[in-house]
Amino acid sequence: MGATWGSAGEQRGMSRRRALASAGAASLGVAGAAAAGAGTGVATAAPVDPAGMVTADRVRLTVITPGLIRYEYSPTRRFENRPTLLAHHRRARSPRFRTRTADGTLELETDHLVLRCATGRFVSDDPQITLKHSGAQVHPTWLPDTYTPAPAGIAFAANLENWTSSIPPLPHGNLGGWLRCLDSVRAETSLQPGLLSRAGWHFIDDTHSVLVPDDADTPVRRPRRPGYRDGYIFVYGTDFRQALADLRTLSGAVPLLPRQAFGNWFSRYAAYDEHFYRDDLLPQYRRAGVPLDVLIVDTDFKAPNTWNGWNWNRKLFARPRRFLTWAHQQDLAVGLNIHPSISGDDARYPEAARTTGGTLRPALTPAARYFSALGRRIGGTLGPTFVWDLAERTHLRSFMALHDSFEADGVDFWWLDWIIDESLVGIPRAEIADDVWLARAYGRRRRAQTNRWVLLARNGASYWDMVGTRPGPWGGHRHTIHFTGDTYSTWETLAFEVAFTHAEGNIGMSYVSHDIGGFKGDTDPERYVRWMQFGAFSPIMRIHSQNLQTRRLPWEFAEPHRSAASTAMRLRSRLVPYLYTAARISHDTGLPMARGMYLTWPHRREAYDFRHQYMLGEDLLVAPVVRPAAAGTTKRIWFPEGRWVHLTGGESVQGPAIGDIPVHLADIPVYGRAGATVVMADRPRPAADPAAPLTARVFTGASGSSRLYHDDGHSDEHRDDGYTWTRIDWDDGAQALSIHTSAAGPAGAQWHPRITQIELVGVDGAPKGVSVNGVHVPDARWRYRQEARSAVAGIGAETADRSL
C-alpha cells in the first residue's frame, strides 16, 4: 500500500582433535566441520556432537557463539551434555575460532576474546580471558561448593519487612538484573546482578545447578565429581543486544503470550462472586469505555479453605463452568490464584496424599499454619496444613493433578502466589531455584495443551531463600510472567518499579507484572494516576490491591483523577497491536519489551544516568512521572539523537538534549521516534480481536521504517507459518507512506492487518491533499487536528486488506 501526503529521510576446524594434544599445534576452527569418525579423546556418558567443541586433556570448551564460551574442567575427563535450567540449548552456532596448545596450556581465540587455561589441572583463576574490545585481562570468580541462604523462609514472618537487607552488593559495573519479588519494598533497594555490565563481559557459574533433560519431570542432581567446574563466559563489549541474543541462544526464547495478555487486567484481594464480575465489574468498565481483557480471581474462590482449598466455593461460584463460559464469551481470559499447600480437611486431600504414597508432610512454621487458619476464617486455631516436595515425581504429579478439574471448567492460566507456603523442591538451595523449576512444570503442562499462557509467579529463588543468590533466575524467562509481589503504595516504590522493569530485561525477562497502584494501603489520587500511566506503558497492565478499601479503579476516584486514569487505560487498550509486536520481537531476538536506554545508546553516559525512562519496543520513549507535583511540575528527560514527537500532543524535541518537560496530571511523557510508525487500534477494543480496524500513527520529521506483527492471537500457529509481518516505510521528504504485508506461509495469509486509518503526528499545518495508491482521498475522509498537531485520513478497509 502507498499513501502520499501533499503538505506545506579456511579450513575445517577440529577435524583431528587429537592434534590439540600436540605441543605447539594450532588450527583454525569452523564449528560443525569436524570430520566423521575423528577421534575426540573425550570420555563422555553420552555421544557428543563435536561441532564447536575443543577438548584438551581435562578441559572442554564449547564455542557457542564468538562471544559465548562454555568452559568445563573435569578431573575424570567426563563432561556433561545434559541441559540445565540455564543451558537449554548449548550447541555451537558455527562460529570461527583458532586454537593452540603448548606446555599444558590451551588457547582459544574468537573475534571477541582470547581464552587461555591449563589443561591438566584446575587453577582457581582459570580461564584467563583477554577482552578484544578493551584489551582488559579478566578471569571468572568461581562459587564455593557450600552455600548457606540468608534466613527468609522458616523465619519469614520476622524477616518479611527487611529481607532485602541480605542482598549482596552488585559487582562493579553490573547494570543489575533481578529480585525474586518486591514484597514489602517501600523504596529503592539493591538488585541482584544481571547479564549486562559496563565491563563488557559476564560470567555465570553453572557448576552446581541441577540437570534438566527435556523430558524430565524430576530434576537430576549432578554426579559427584570433586573439582568439576562448568561455567559460561559472555563477552560483548558495548553490544548489549548481542549479549541478550547470546543468552537466548543458550537459554531459549521468551514465549509469545496470547494477545489478550497485553490488554487491561483486573485483580483484587476480595471475596467477589460471579454476580459481581458479571453484573457489576464488567458493566463498570463498559460504561467507562475501557475494555477489560484479563480477570484474576484471587484466593477467596477456594473451599473449604480460602487460602489453600482445591475446590470451588459454591457460595461464590455456584456453577463455575457457566461463569467461565460467560467470561470467554466476553473476550475475558481468567486466571486463578494458587497457594502450594493443602489443608487436611480438604475433600481432595485423600487423593493428593494417595498419589504421593502417603508422604505429604505437615507444615511446620507458625507463619504457614497461621495463613492456612486465616483462610478458613477460624480465629485462634492452627489448622492441619500439608505441603509437597516438588522434586519428587509423585509429589509433582499430586500437585498438578489438583489443577485438572479447574482447567476442565475453562480456567486459562494460573497465578502461583508462593509467598508463605512451605512446599519446596527438596534439593540443596545452591543447585536449584524452586520458582524456576515449578514454573517449568507449569510451562510443560500448558505447552502440551497448546495454551500460550505461562505462569504468573515470583521468579528466581524460593520461599526458603528469598534472596536466591544461587543458582539465580536463569531460565525463568521461558516460563514466567514475573509477578513482583505485594508492595507498598509510595512514590519511592513507583520510582523503583520503573527502573526495575527494564533492569529485568538484563536476565532475559520480558514480562514484568507489578501490582499497579501498589498492593498495601490506599494511594493518594495523584500517585494513583501516575502509577496507572506507568502501567499503561508497561509489559503487563495489572491493577491489584489488598482489599475493598484500597481503591484501584479510575471511577473510584473523583475528577480530574478519574478521567486521567481512565484515559491511560483506554490508551493501553489501543496500544495492544504495538505491544504484541514488541512481544514477538522479544520472542525472536531476546530483546525485552521494556529496554534500558543503554541497549540502544551504550556509548552515552545519559543512557545509564536516566534510569527512570526506557524504550518500550523499538519506537516509543517512555518517561513516567515518579514524583508529586509538589516536588516539581516538570519531568527531566534525556532525548537521544534524532527528533522525538510526543505520542498524543505532537510536540517535538530535537536530540541529543536534556529537557525539563512540563507535565500536568493528564500528561504522559511518551515520545515516538521520528520516522517511526506505531500501529494502534482505531479505538479502545478487546485485545483478543485479531480483526480490529487499526490506525497507523506516523511520527513525522524524519524518514524511517517500522514493523507490525499479526496472527490469530492465541494458537500455536505462530510457531510455524501462521502469521504476517507488515513493513511500514515513511519518506519524510516526499511525505509518502508505504505499507507492505507478507505472510510467513499459507496459514498466515488470512492474518493481514486491517489498517483503515493513517495519522501523521507532529505536522504544523493541514495537508493540501491525501492520496492512497495514487487515488485522491476525498477531503471528507481526512481532517487536521491542530491541538494534537496531527492529520488523520481514513483510507478504507478495502485498501488496507490488500498486500501491495
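**Close-up 1. The buried residues of helix H3 and what covers them.** In this predicted model, the residues of H3 that count as buried are Glu274, Phe276, Tyr277, Leu281, Leu282, Gln284 and Tyr285.

**Close-up 2. Helix H3 from end to end.** Let's follow the helix along its residues, 274-287. At its start, a side-chain oxygen of Asp273 comes to within 3.2 Å of the backbone nitrogen of His275. Further along, H3 bends by about 25 degrees at Leu281, with a proline, Pro283, following within four residues. Leu281 is also one of the buried residues of the helix. How far apart are the end C-alpha atoms of H3? They are 19 Å apart, which agrees with the 20 Å that 14 residues should span at 1.5 Å a residue. After the helix comes Gly289, whose phi is positive, near 70 degrees.

Close-up 3. Ring pairs join Phe266, Tyr272, Phe276, Tyr277, Phe301, Trp312, Phe317, Phe323, Trp326, Phe406 and Trp414 into a cluster.

**Close-up 4. Phe413 stacked with Trp453.** The structure holds 41 aromatic pairs. In the one shown here, Phe413 and Trp453 are stacked, with 4.2 Å from centre to centre and 10 degrees between the planes. The pair links distant parts of the chain, 40 residues apart: Phe413 belongs to strand S23 (residues 413-416), while Trp453 sits in the loop between helix H9 (434-448) and strand S24 (455-457).

**Close-up 5. Tyr528 stacked with Phe557.** Here is another stacked aromatic pair, Tyr528 and Phe557, at 4.1 Å centre to centre and with 10 degrees between the planes. Tyr528 lies in helix H11 (residues 525-536) and Phe557 in the loop between S27 and H12, so the pair ties together parts that are 29 residues apart in sequence. Tyr528 is buried, its relative accessible area being 0%. Phe557 likewise counts as buried, at 3% relative accessibility.

**Close-up 6. Two arginines over tyrosine rings.** Which tyrosine has Arg186 over its face? Arg186 lies over Tyr488, at 3.7 Å from the ring centre. Arg198 lies over the face of Tyr608, at 3.7 Å from the ring centre.

Conventions:
Residues are numbered from 1 along each chain as its sequence is written. This is a predicted model: local features need pLDDT of at least 70, side-chain atom pairs count only at pLDDT 80 or more; totals for chains, interfaces and linings use all residues. Side-chain values use heavy atoms; hydrogens and water are left out. Helices (H or I, at least four residues) and strands (E, at least two) are DSSP runs, numbered from the N terminus. The expected span of a helix is 1.5 Å times one less than its number of residues. The bend at a residue is the angle between axes fitted to the seven residues ending there and the seven starting there. Buried means under 20% relative accessible area, exposed over 50%, partly exposed in between (1.4 Å probe, protein chains only). A polar contact is a pair of N or O atoms within 3.5 Å; within protein, one must be able to donate a hydrogen and the other to accept it, and residues adjacent in sequence count only if both atoms are side-chain atoms. Rings of Phe, Tyr and Trp (its six-membered ring) pair if their centres lie within 6.5 Å; planes under 30 degrees apart count as stacked, over 60 as edge-to-face and the rest as tilted. A charge sits over a ring if NZ of Lys or CZ of Arg is within 6 Å of the ring centre and within 35 degrees of the ring normal.
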